[in-house]
Amino acid sequence: MFASHGGLGCAMREAVAMILGVSVKEVTDCVELLEGESFENYYEKLASRVDGDTIVLADLFGGTPSKAALMLLQESKVKAVITGFNMAMVIQLLSSQDEDLESLVLGAKSAGMEGVRAFVGPGLRELTGKKEEGPSGKDF
């Protein structure tokens, strides 16, 4: 279940279906938070479309969709919540054969984090956040 601001979750569902096939639409759903919609209304919409076997992918930790999803998790109405979804995470989650919930969720989180990379310059230097040393041993 994608829970997101606007159509982001539904668009992600469509994009992942382009890669994994249309069967993705048979096993996923999306609930959009509309402009000006109250938390209570969004919570009720999301709650009506999930069950105890649902894993919710929310777009942004701390936003209304993730707060509603986490409330549903506290109430044992969903199985797990992952926030900050991206395509790598979703593909891993839908492709995994892992039966263990924690391994499945951690694998998706890890794939999502590994899918975020930053490059600069025509030489495609990847920014890792670690200090790099030049050929002379000096940092550059």
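The model is a predicted one.

**Thr28 and its surroundings**

- Thr28 sits in the loop that runs between helix H2 (24–27) and strand S2 (30–33).
- The side chain of Thr28 makes a polar contact of 2.9 Å with the side chain of Arg13.
- A polar atom of the Thr28 side chain also lies 2.7 Å from the backbone oxygen of Val24.
- When neighbours within four places in sequence are left aside, the residues in contact with Thr28 are Phe2, Arg13 and Leu94.

**Packing of H5 and H6**

- Helix H5 covers residues 87–95 and helix H6 covers residues 101–114.
- The two helices pack with their axes 7 Å apart, at an angle of about 150°.
- Because angles over 145 degrees count as roughly antiparallel, H5 and H6 are roughly antiparallel to each other.
- The crossing of H5 past H6 is right-handed.
- On the H5 side, the contact is made by Ala88, Met89, Gln92 and Leu93.
- On the H6 side, Leu104, Gly107, Ala108, Lys109, Ala111 and Gly112 take part.
- By residue class, the contact of H5 with H6 consists of 6 nonpolar, 3 polar and 1 charged residues.

Terms used. Residues numbered from 1 in each chain as written. Predicted model: local features only at pLDDT ≥ 70, side-chain atom pairs only at ≥ 80, totals over all residues. Heavy atoms only, no water. Axes fitted to C-alpha atoms, helices over the stretch in contact; angles between N-to-C directions. Helix = DSSP H or I, 4+ residues; strand = E, 2+ residues; numbered from the N terminus. Parallel < 35°, antiparallel > 145°, perpendicular 65-115°, else oblique. Left-handed = near helix turned anticlockwise from the far one by under 90°. Contact = heavy atoms within 4.5 Å. Nonpolar A, V, L, I, M, F, W, Y, C, P; charged D, E, K, R; others polar. Polar contact = N/O pair within 3.5 Å; in protein donor to acceptor, adjacent residues only side chain to side chain.
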